[in-house]
Amino acid sequence: MYPYDFQKLESKWQKAWDDQQTFKVGSIKEGTLDPSKPKYYVLDMFPYPSGKGLHVGHPLGYIATDIVARYKRMCGFNVLHPMGFDAFGLPAEQFAIETGTHPAITTDQNIDNMRNQLRACGLSYDWSREIKTTDPSYYKWTQWIFIKLYNSWFDEIDQKAKPIEKLIQSYENDEYRIDPKGNRIAKSDVGFQHAKKWKTFSSQEQEAILSKDRLAFLDDVTVNWCPGLGTVLANEEVTADGRSERGNYPVFKKPLKQWMLRITKYADRLEKDLKDVDWPEAVKQMQTNWIGKSEGAIVQFSLERNKEEKVSVFTTRPDTLFGCTFMVLAPEHPLVDHLVTDEQRQAVFAFREKMAAKSDVERQSDQKAKEGVFTGSYAVHPTMPDRRVPIWIADYVLMGYGFGAVMAVPAHDQRDFDFAKKHLLKIRAVVEPHPKFLKEHALSLMEYLEDPGALDVAYEGEGVSAQSDNLEIDFNGVTTNRAKEKMIEYLEKKEIGQKKIQYKLRDWLFSRQRYWGEPFPVLHGSGGSIQVVQEKDLPVILPEMEDFKPTALNDENASPQPSLGRAKEDWKEVTIDGNSYIRELNTMPQWAGSCWYYLRFTDPTNKNTFADEKEENYWMGNNGVDLYVGGVEHAVLHLLYARFWHKVLFDLGFVSTNEPFGKLFNQGYIQAYSYQDDRGMYVPAFDVQEEEDGTFTYEGQKVTRQLGKMGKSLKNSISPDEVIDMFGCDTFRLFEMYLGPIEQSKTWDTEAIVGVHRFLQRAWRNFVDEESGELLIVDTKMDDKLSLIVNKTIAMATKDMNEMKFNTAIAHLIQLNNLFVSMDKIPLEAARAFVLMLNPLAPHMAEELWQKLGYKESIAYASWPKADQNILSQDKVQVVVQINGKRRANLEVDGSATQEDIELLAKQDENVKKHLEGVTVVKTIYVPKKLVNYVVKP
């Protein structure tokens with residue numbers, strides 16, 4: 001008997017691929033790779049080695065990239081398809097703390113488990129290039145990149161990073177000086193002649209000046225401090241209710257000295273260069289929104305009690321300045337202590353304490369009930385000096401954006417409007433609304449201008465200015481855009497404001513008070529001096545520590561105590577040339593290692609540099625990574641951080657492309673039903689019974705069903721190991737792809753997998769006699785009908801593979817296989833084409849059938865079949881073209897023509913063109929290969 005024994009067959013070929021290193025990629029520098037061939041770099045987003053392992057949803061993207069990699073190899077490309085593990089970070093450390101096992105041990109165990117699961121999926125990774133961020137030979141170069149950031153500055157004129165030595169040289173050449181506020185100014189700047197020269201500062205003062213420009217720098221910043229976890233958390237690690245995502249501990253705002261990366265210098269390039277990448281528009285928009293570029297003006301408000309003291313605000317609507325009726329500061333604004341009066345002190349301090357326990361997300365939530373307290377102080381209106389502007393603090397203003405202060409124009413900003421209504425503050429309209437707005441609210445223009453607070457909403461749109469004049473200027477009747485320009489001109493002339501481009505993007509908080517992360521290559525000397533570790537002394541190895549647990553604190557005011565503070569003294573203390581130093585005791589965040597791993601994959605074992613120049617130039621090419629696949633949850637932070645690091649390396653001449661990822665593709669999710677009992681507890685999904693009345697029960701008790709993510713905590717996850725053991729890897733791969741377009745989420749259905757498995761069983765029986773093992777192939781020419789069908793299948797499958805429409809590619813192969821069922825024996829040419837097209841999708845069966853067809857070399861590098869266009873051109877169909885149901889043309893088109901092809905031909909027909917002139921097509925009805933009907937109206 002010779003049945004389809006998938007377990008034996010798949011084990012055989014996975015071993016063969018390993019033994020023969022089938023997917024190992026050669027090296028240019030070693031002469032084992034032909035650089036004259038085109039390259040294709042296909043990459044999965046760096047997975048985190050969770051202790052829970054994979055469920056069937058995780059491999060969706062991995063299988064998709066593997067299909068692309070196998071297809072591209074068959075198309076003649078050198079393919080780089082690597083895999084590694086993003087293994088540092090808080091999740092691994094927390095898991096280790098909970099289990100009492102060192103994170104190095106649990107992380108390696110998790111990696112071993114995940115690697116085995118990935119191998120079982122038949123993925124054609126070059127495992128010789130595997131990397132993990134916890135390997136010192138890897139994080140040596142993460143530390144090296146940090147040193148490059150520390151020793152670089154951003155030249156605003158050339159809009160690029162340069163070595164800090166260039167800036168020092170410019171200072172020494174007197175091209176820059178320092179003004180009284182400590183700012184760097186160039187020769188062309190006003191006040192240069194009166195600014196201080198570089199040589200007049202002490203070495204310590206010079207270093208303080210340089211720190212304002214370094215791309216990596218120490219700064220006192222307000223951070224998310226979690227005493228329960230004993231560390232600072234990034235915004236994304238804090239829930240909307242102000243608690244830690246891990247452990248659900250309270251998180252507080254606290255000023256601390258932390259390492260920061262000056263990503264804001266790249267805000268403009270990070271936004272503009274999105275036009276150069278092939279990414280989903282939704283992802284581009286998410287990045288654009290996160291960067292938050294806005295054009296407007298800085299306006300200076302003088303304090304009533306001392307006109308020399310100023311409060312700066314940034315506004316995108318300087319045209320509405322006449323409508324400012326109050327000012328709002330962030331509770332943590334440094335001026336609050338100075339502004340608060342004795343009468344308001346208790347209320348202000350109580351409010352600040354309350355806000356410290358809230359996350360930025362919660363404070364910025366779009367709630368109607370805005371909270372705030374009056375400071376007791378007033379500012380002077382810049383354009384109307386006789387008008388007092390009360391200064392409040394409120395929850396919806398953050399220090400992280402602009403100056404932590406806003407000029408409130410409640411008539412034309414909804415947040416200000418809500419706040420003003422709640423606290424009974426004046427609302428003054430200075431923009432005439434669009435007539436549609438007035439009509440919707442049954443108001444005349446006069447009524448609106450007299451009392452805009454009578455409404456429930458602010459008018460935030462554009463229009464023409466009203467009630468906007470003083471003795472020097474009159475903007476009444478001027479359009480919004482022109483009024484913005486005129487107001488900025490006025491502010492600059494009066495020296496009370498200036499034009500400004502602002503970003504929401506904040507500098508990157510880069511310190512963690514935890515153990516499981518990359519050590520900083522930084523030494524702290526006497527007097528606050530800082531020295532980075534010399535490159536020859538890298539890597540700075542993470543010390544072995546039995547007690548790596550963070551110090552959890554009950555006191556929110558207590559200072560962080562980094563875990564590395566308990567490292568042995570011979571690690572912490574360093575002596576260089578007789579001078580004593582203490583190592584930086586914080587570690588880098590998890591994001592660090594994943595910022596550049598795609599570069600290391602091009603040359604993962606290089607001991608002399610992060611990647612050989614020739615290897616990097618070849619694999620990154622003009623487009624960077626050719627296909628980058630991962631979840632949309634990484635649409636902002638990971639991609640933004642990686643792009644930032646890459647651009648710095650590009651500016652410094654270490655990489656060859658401006659952008660790291662040429663094409664981005666976000667896969668959907670595999671969803672599953674989960675069930676909850678009346679307590680809200682999840683019950684095992686696979687033990688739930690569906691009753692005749694359509695309800696669901698678990699152990700006789702009713703439960704509710706919901707569709708969503710798959711996960712162990714939801715008790716609805718399925719391991720790929722279970723599916724592969726039961727049906728085989730090829731079936732699992734095909735089923736995941738056949739569920740639907742990979743960019744869409746779809747529901748897992750274990751019962752439906754049987755249909756895909758039957759397809760492979762039927763294909764096996766079409767090729768192999770299960771009784772004798774005889775190959776059911778005959779070396780005869782295909783007849784015309786079969787030849788046409790095979791070539792059409794090749795054409796359609798090729799198109800689908802190029803567009804990553806794997807579900808329809810599988811459907812075409814199923815149809816061709818069904819045709820084979822009626823044949824006693826399959827012509828060799830048809831059989832060969834079928835096996836070649838099957839290879840990227842079900843590679844184990846394809847390898848076995850390929851071998852049975854008499855080929856000794858692996859099918860992995862066999863050429864993808866090409867459709868014979870001469871044969872396809874013989875396949876003609878008649879298509880009727882109608883306009884509003886009336887026949888206007890008959891077209892004879894190729895059977896392989898798409899709807900787009902047919903419509904193009906239709907609109908070139910003279911009679912169709914004549915009847916489409918002067919009308920609007922409101923709908924197109926298309927019946928494949930039969931009819932196109934344009935529904936039109938005058």
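Which residue forms a salt bridge with Glu156? The partner is Arg184, and the closest N and O atoms of the pair are 3.2 Å apart. This is a predicted model, so to speak: local features need pLDDT of at least 70, side-chain atom pairs count only at pLDDT 80 or more, and totals for chains, interfaces and linings use all residues. Residues are numbered from 1 along each chain as its sequence is written, and side-chain values use heavy atoms, with hydrogens and water left out.

**Salt bridges**

- A search of the whole structure turns up 48 salt bridges, each being a side-chain nitrogen of Lys or Arg within 4 Å of a carboxyl oxygen of Asp or Glu.
- Back to the opening pair: Glu156 sits in the loop between β5 (152-155) and β6 (160-163), while Arg184 is in strand β8 (residues 184-186), 28 residues apart.
- Glu156 is partly exposed at 33% relative accessible area; the scale here is buried under 20%, exposed over 50% and partly exposed in between (1.4 Å probe, protein chains only).
- Through shared partners, salt bridges join Glu156, Arg184, Asp213 and Lys265 into one network.
- Glu848 and Lys12 also meet through their side chains, at 2.9 Å from N to O.
- Glu848 belongs to helix α28 (residues 843-852) and Lys12 to helix α1 (residues 6-20), so this pair ties together parts that are 836 residues apart in sequence.
- Glu848 is buried, with a relative accessible area of 9%, whereas Lys12 is partly exposed at 35%.
- Asp108 and Lys132 make another salt bridge, 2.8 Å from N to O.
- Asp108 lies in helix α4 (residues 103-120) and Lys132 in strand β4 (residues 131-132), so the pair ties together parts that are 24 residues apart in sequence.

**An open sheet and its hairpin**

- 4 strands line up as β23-β22-β25-β24 in an open sheet with antiparallel pairing; strands are DSSP runs (E, at least two residues), helices are runs of H or I with at least four, and both are numbered from the N terminus.
- Strands count as paired if DSSP finds at least two bridges between them.
- At the edges are β23 (530-532) and β24 (573-576), each pairing on one side only.
- From one strand to the next, the twist averages 40 degrees.
- β24 runs antiparallel to β25 (residues 579-583), with 4 bridges between the two.
- β24 and β25 form a hairpin with 2 residues between them, and Asp577 in the turn has a positive phi of about 50 degrees.

**A helix pair**

- Helix α23 (residues 729-738) and helix α26 (residues 806-821) have axes that come within 7 Å and cross at roughly 115 degrees; axes are lines fitted to C-alpha atoms, for helices over the stretch in contact, and angles run from 0 to 180 degrees between N-to-C directions.
- On the α23 side, Leu734, Met737 and Tyr738 make the contact (heavy atoms within 4.5 Å).
- On the α26 side, the contact is made by Phe806, Asn807, Ile810, Ala811 and Ile814.
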